[in-house]
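Hi everyone, thanks for coming.

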Amino acid sequence: MIFGAHIILYSQDADADRAFFRDILGLACVDAGKGWLIFALPPAEAAIHPAQENGRNEIYLMSSDLEEECSRLAQKGVELSQVEEASWGSVTKIKLPGGGTVGLYQPRHRSPVSLPQA
């Protein structure tokens, strides 16, 4: 039985990105040993998109109020891209300390995930 998902983000500065997920995003975590943090994530959904080649994967965190979340993160010094509007939702990218990015969006589509009420 599948009971969850384990998502891996590769980083040129894993320690900085782990601290960001713990201290800035406030995600609960456990230390799997020697400072190797494993984070609890909110409920998730998965979409399968057509592509010319395999191997490209993306991660997006979801928000029920993107404007409020962007403001909260900006107050903590987080660098965000400009919010873009798409048919499926409003989306921005969070710049991680290690140089990578993680998407953040407020969906317009129906979701199998129960979003918290704003």
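Let's start with glutamate 67, which sits in helix α2, residues 66–75. Helices here are DSSP runs of H or I with at least four residues, strands are runs of E with at least two, and both are numbered from the N terminus. This is a predicted model, where local features need pLDDT of at least 70, side-chain atom pairs count only at pLDDT 80 or more, and totals for chains, interfaces and linings use all residues. Residues are numbered from 1 along each chain as its sequence is written, and side-chain values use heavy atoms, with hydrogens and water left out.

Is glutamate 67 buried or exposed? It counts as exposed, because its relative accessibility is 68%. The cut-offs are under 20% relative accessible area for buried, over 50% for exposed, and partly exposed in between, using a 1.4 Å probe and protein chains only. Leucine 80 is 13 residues from glutamate 67 along the chain, and their C-alpha atoms are 11 Å apart.

Now the sheet. It's open, with four strands in the order β3-β6-β5-β4 and mixed pairing. The edges are β3 (60–62) and β4 (84–86), each pairing on one side only. Two strands pair if DSSP finds at least two bridges between them. β3 and β6 (residues 101–107) run parallel, joined by three bridges. Leucine 61 has leucine 104 in β6 as its bridge partner.

Last, the cysteines. Cysteine 70 counts as buried because its relative accessibility is 12%, while cysteine 29, at 30%, counts as partly exposed. There are zero disulfides in the structure, a disulfide being a pair of cysteine sulfur atoms within 2.5 Å.
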